[in-house]
Amino acid sequence: ENIKIGVSYPTPTHAWAAGMNWHAEQAEKRLEALYPDVDLILVNSPDPSAQASALEDLVSVHKIDALVVLPFESEPLTDPVLNVKNSGARITVVDRGLSQPGIEDIYVAGNNPEMGRVSAVYMKTRLESGDNIVILRGIPTLIDNERFDAFMAEMEGSGVNVLDHKHANWNRDDGFEVMQDFLSRFPDIDAVWAQDDDIAIGVVAALKQAGRDGDGMFVVGGAGMKETIKSIMDGETLVPVDVLYPPSMIATAMDVTVASFKSNGPVAGRYILGATLITPENAASFYFPDSPF
Amino acid sequence: MTVLANSSLGKGKRMSFDIKTAGPAIALILLCIIGFLLNPAFLSEGNLTNLLTRSAFIGIIAVGATFVITAGGIDLSVGSMAAAIAGVMIIIMNSAVETLGPGLATVLLGCGCSIVLGIGAGWINGMLTTKGKIEAFIVTLGTMGIYRSLVTYFADGGTLSLDFAIRGTYRPVYYGSFLGLPIPVWVFIVVAVLGWFLLNRTAFGRYCTAIGSNEAVAKYSAIKVDRVKTMTYVIQGLCVSLATIIYVPRLGSASSSTGVLWELEAIAAVIIGGTVLKGGYGRIGGTILGALILTTIGNILNFTDLISNYLNGTMQGLIIIIAVWLQRGDWGKAKAKTN
Amino acid sequence: MTVLANSSLGKGKRMSFDIKTAGPAIALILLCIIGFLLNPAFLSEGNLTNLLTRSAFIGIIAVGATFVITAGGIDLSVGSMAAAIAGVMIIIMNSAVETLGPGLATVLLGCGCSIVLGIGAGWINGMLTTKGKIEAFIVTLGTMGIYRSLVTYFADGGTLSLDFAIRGTYRPVYYGSFLGLPIPVWVFIVVAVLGWFLLNRTAFGRYCTAIGSNEAVAKYSAIKVDRVKTMTYVIQGLCVSLATIIYVPRLGSASSSTGVLWELEAIAAVIIGGTVLKGGYGRIGGTILGALILTTIGNILNFTDLISNYLNGTMQGLIIIIAVWLQRGDWGKAKAKTN
Amino acid sequence: MLDGQSSTTLVLEADRISKSFGAVPVLFSVSMGIRAGEVHALIGENGAGKSTLMKVLSGFHTPTSGRILFDGEETVLPPDGGAERLGIVLIHQELNLAEQMTVEENIYLGRELTRNGVLDRETMRNKVRGYLDEIGLDISTSARIADLSIAEKQMVEIVKAISRNARVLIMDEPTAVLTEAETALFFRQVEKLKKTGVAVVFVSHKLSEVKLIADRITILRDGQWIGTKDADALSPDAMAQMMVGRELSDLYPPMHEVDVDAELVLEVRNLYSSGVSDVSFDLRKGEILGFSGLIGAGRTAVFEAVCGLAPIESGQVFFEGRETRFASVAAARDAGVAYLTKDRKAKGLLLDKQMRPNLTLFALPKFVRRFGIDTKAEDKAMARAIRRFDIRARDPKINVGDMSGGNQQKLLLAKIIETDPQVVIIDEPTRGIDVGTKQQVYHFIAALAAEGVSVVVISSEMPEVIGISHRVVVMRDGQVMGVLTGDDINENEIVRYAAGLKREGRG
Ligand SMILES: Nc1ncnc2c1ncn2[C@@H]1O[C@H](COP(=O)(O)OP(=O)(O)OP(=O)(O)O)[C@@H](O)[C@H]1O
Ligand SMILES: Nc1ncnc2c1ncn2[C@@H]1O[C@H](COP(=O)(O)OP(=O)(O)OP(=O)(O)O)[C@@H](O)[C@H]1O
Ligand SMILES: [Mg+2]
Ligand SMILES: [Mg+2]
């Protein structure tokens, strides 16, 4: 009797998601080799409604026994995941929680508010009251709001001025252009919170172009891109740290889900991964040179 | 070369007529065979029902788009319009639940608002193109951006979700069925039949075709060109609102990513079905088949892991081109006619 | 109602000609004034340089699109094509660095490949529409999906990055300047001048207009319609490859999100500039202004926090509609003519 | 076989050409020889196959069987206008100009003059200017075709053809939309070309013109070759008879006098509109009112304003005694006023649709039964129209654009009459119609009037206006110059008013 496990996540359209896809594929190979009776089916979808359709297909066609799902968005996928659960499958939810509690058997996630908070804490160690920062946000989504709100809450009362914040959509090009405009607009910027390593790449390019990358100016991104981690290891000062939001969480979720069939102990529960601050000291342990991210 | 084209055209007239009618149908049947060969579960009742239900959204919107395109227009705003309407519906229903309770009244209020909004949005597109004399492409590109950003604004960048209490009442509109067919499929059938009748059997349909074929002739033939064109956008808006009414109970939410690229899918369905993009020639039946073809392609790609997930788009692109190429004999003719 | 439309038409004949020429220019000047009022730094040299440089991508692509649209076609694939070409360029340069070293040779090889790919991709679009007799909308919707998914595939869903050693050699193509103007702006100027010349001063340009105006007339005038139409797509492909050549050194990377929606921006620039979407009337000068207008809108929105971030799209949509409405007298005429 | 002419003088020759469209045969073994330096007229009823034969002779259609000889050698003509390079130029019956482009661009389309790859616009402009002056056409070289009147467009077509240094110049009804004055200018050019040895082939329904200009005449009937004769040997009556295959009775019907007390159906007072200034006239029940004048005199503009197609700046319109202003064409139609355009290709018919939807488009509300269109009633109307107007399409499912020009015109007439109007304004009623059918149209108009319908006939063909009108309004420069009645309706009087030599006192 084969154990069929569906794995559903958004189609990678940026590097972080590509890293996740890579980790998922690695885990599939590893787990299928380890357990011949386990069949993992990876499906990715370009939008929430396609993901809902993909979930329907996993049930009606593949008759899965368990589902590992990284929902595109929480709200729209709550009902479709509930339908999968009603078909009798075990549910593992990754990263973005569903909007109705109690559907998932296992929950594996990074920590978005924590990411914002950790970034702010680091900012405060480097800045003084009266210093100016600008923020480049992601795509307008819940994740972005959580990170941003936690960051702002932590900065509260520090005396650091947030000059403005614009959406750069977790995209290098937008990061570059928004930063160019910030630089034209504000003559004095001391630091940039770019929230994401892709945006940070654009920001750094804009800073270098304008020649404003000296004077202790620094940029904080986030997620844990391998190039960023490498440059932190090399002691780069413009992007001195990174805040982890590991794409490998999907692999963790697949491991745990398979374990729930294979283990003789209970595996249900919540696994929350930390938002570690990556510094030159600890960078080496987060560096995966083969991953696309 | 024209020599050949002409003679083959002359001779093939009867034949190409058949290909034209059958083209999209053949493409769909081929796809179903491929699907079955890849995985026999493709033809299971459950999957076919899923497929039909899914086609309903794009299909209903594409019926409206058939009118707009037949009359020589284009509407790029439908996807964002759907998202914005869904958002407003949810806000209204959520706030109505306090006064009206989570029952039928609230759901009907939401649906009513959806229809009013859809008609209104279509009317605005129509008036801007006709009275404002701005190209439809620009008008609807503009309203596309406006609606998309409005829904983001309403949702504060996140997701608007329907009150759980209302969901219970509203759920059957998507998940329920009647005589073995899901409700969305029934709505799709009704919209398709009405659309077919309107386009092929009424004066209004003739007027759309005439305007798309030659606006000056239409004007000299006592057709109120501006009014008819505006009406096509209103019909499009109404179709979008109907699609939204059956979409909202499916996922119970709306966000800035709702309905992204639906406009391209709807237009693609219309063109795959044999309607001419420059106007003057519309086929509702073809549009329905076009919508089914598009949904089936996505469905089949979910059925196999032969192809790298990343290449889904390549397969989709190839299949769309091939599906239309299957009826190219007809295309040559249709195009020559429009000139 | 038709009555009113006509009278403004008849009387405004001479006047609307002036408005037509000046329309997009006035819109751009208004935007600049607004930008300056919001923040005087808008008119700083640095910002104007940024603005021009940014316009270069969309502008160069839009020059190509002007040809395609003037000849009655449309190309939705340009954004994905740019991403795919950028991806392949990066792969090729990265692997050439081992044999050729990180010098000029490698960069030239990359640029050469880009041009070959651009021309090839354009040629495929052209052949599928002309010889394959498939509607341009469908062909390029298909190739859009194909190129987009190919770049995702090459990048394994992530980002392709240019070798750091090559970046040093290649950097000046984006960051360098000549006589005070950045290189991309020079490329933009050259492409615009050549495009203007080709469209307005050569037989080829007239053929494009004639085909867009009336394909049968063009054919009967012994114009090789298929060849000219294919050439417009080839020119479009070439423009995309030039835009890509100056895009790659900017951030040294390409991903599946590179160039998303550039096709709509390019088409919008063309239409804002006064070219008629149905073909037969193209204006390169207007296209350039259209590209500048679009870039300026985005730039201005970054210069103010008066407007909620979420409403950027609303402002963009409104400004586009208004910019085109400013020249609506002309539109009415142009439209009436195409019928 | 061609009246024993030696083939050495023949430039272009059709030898037993047959042509079918699908299963529908259109030409049956037609032969025709064209000599250098002659004007060869081709005449025949609507749908006889004249245009088809001309297209075969210029490479636009390939014959189903038969040979084409060029300079005595069997030749397969290159398609799509490629035959121009051999010196064979065709002016299509359908206007063949790119509407958004300028006069200069159109005239040189496909053979632009260039210097080092750059358009030599200066030279082209000057040459075009020269051609336009020569033919007496006062338009700018940079005018857009869309802004020209049909007559001007036709002249541009002619200029375009003449400028091509043709050896064989084939013209399919070039004078159908021209006035006599313009036709005269045009004929001067033809004479000039003829002297230089150009072979001119000329299709026309205006038999008097044919008599005037042609050296030889070929007659087609139902796709069959009837004969080729020297022009001197044929009178217009004899031509008509050979075309139609029967004796033609009087062209114009007997005039039915209008009751002087008949009510005024339409009164127009001091109308101002674009191209129209201070126009007043009235129309009685059952009257046929002719409108004459030179091209651009404003006749069309008057009725476009009256029918809601163009805005009225000032003035009054009374319909059946009540002051009215039709806000739309639909309002005019519903009141019983119908306008038939002179521009059948651009404003009259949907060329990519079949006959039936075209026929009923104007009167469509009449065919609506319980929300839907009553297709049975449409079919009946179609059958009726085919009988009544003698519309001949060998394939009933053909697109209107593929029908012969005259049959299109008949369909357009039928389309307008389908609303059973009280007042019908027919702009150029017989444009491109053969003599036989013309006669039918005139009788039809007279019958309408006899039934009490008021008819306005706008026509540039003087005999036609004179032959059927009760009264004639002559316009010039947007103004009414005079209204003629009874014996005053003659060519002399009309010309004097139209040319501005005479004007009725205002009062
Ligand atoms: N492309 C076509 N396909 C089918 N039938 C055609 C086509 N072109 C012409 N015909 C038919 O051929 C016949 C002859 O048409 P043609 O245009 O040669 O007549 P014509 O003598 O020029 O008449 P007219 O005086 O009215 O212009 C008509 O019955 C017409 O409908
Ligand atoms: N909408 C308009 N705007 C400007 N000028 C116009 C308009 N309509 C007509 N005219 C001008 O008014 C004059 C009268 O044109 P009209 O077409 O009415 O003449 P016509 O006597 O009917 O000529 P035809 O013999 O061609 O039918 C022309 O000079 C024309 O250019
Ligand atoms: Mg597997
Ligand atoms: Mg003819």
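This is a predicted model: local features need pLDDT of at least 70, side-chain atom pairs count only at pLDDT 80 or more; totals for chains, interfaces and linings use all residues.
Local features are given only where pLDDT is at least 70, and side-chain atom pairs only at pLDDT 80 or more, whereas totals for chains, interfaces and linings use all residues. Residues are numbered from 1 along each chain as its sequence is written, chains are lettered from A and ligands numbered from 1 in the order in which they are written, and side-chain values use heavy atoms, with hydrogens and water left out.

**View 1. Chains B and C and the axis that relates them.**
Two copies of a chain are related by a rotation about an axis and a shift along it. The superposition is by least squares on the C-alpha atoms of residues with pLDDT of at least 70 in both copies. The two copies are thus related as by a two-fold rotation axis. In chain B, the C-alpha nearest this axis belongs to B:Lys278, at 3.8 Å. Of the interface residues of chain B, 95% are also interface residues in chain C, so the copies meet through the same surface.

C:Thr106 is buried, with a relative accessible area of 0%; buried means under 20% relative accessible area (1.4 Å probe, protein chains only). Not counting residues up to four places away in sequence, C:Thr106 touches C:Met93, C:Ala96, C:Val97, C:Leu100, C:Gly101 and C:Ile166, where contact means heavy atoms within 4.5 Å. A polar atom of the C:Thr106 side chain lies 2.4 Å from the backbone oxygen of C:Gly101.

**View 2. The shell of residues around ligand 1.**
Ligand 1 is surrounded by 20 residues, the closest being D:Lys50, D:Ser51, D:Thr52, D:Ser404 and D:Gly406; each residue counted has a heavy atom within 4 Å of the ligand. The shell divides into five nonpolar, ten polar and five charged residues. Oxygen atoms of ligand 1 lie 3.0 Å from a side-chain N or O atom of D:Asn46, 2.9 Å from a backbone N or O atom of D:Gly49 and 3.3 Å from a backbone N or O atom of D:Gly405. The protein covers 91% of the 640 Å² of accessible area that ligand 1 has on its own, by the Shrake-Rupley method with a 1.4 Å probe. Helix H1 (50–57) and helix H13 (405–417) of chain D are the elements that give two or more residues to the shell. The largest share, three residues, comes from H1(D).

Key. Buried means under 20% relative accessible area, exposed over 50%, partly exposed in between (1.4 Å probe, protein chains only). A polar contact is a pair of N or O atoms within 3.5 Å; within protein, one must be able to donate a hydrogen and the other to accept it, and residues adjacent in sequence count only if both atoms are side-chain atoms. Helices (H or I, at least four residues) and strands (E, at least two) are DSSP runs, numbered from the N terminus. Ala, Val, Leu, Ile, Met, Phe, Trp, Tyr, Cys and Pro count as nonpolar, Asp, Glu, Lys and Arg as charged, and the others, Gly among them, as polar.
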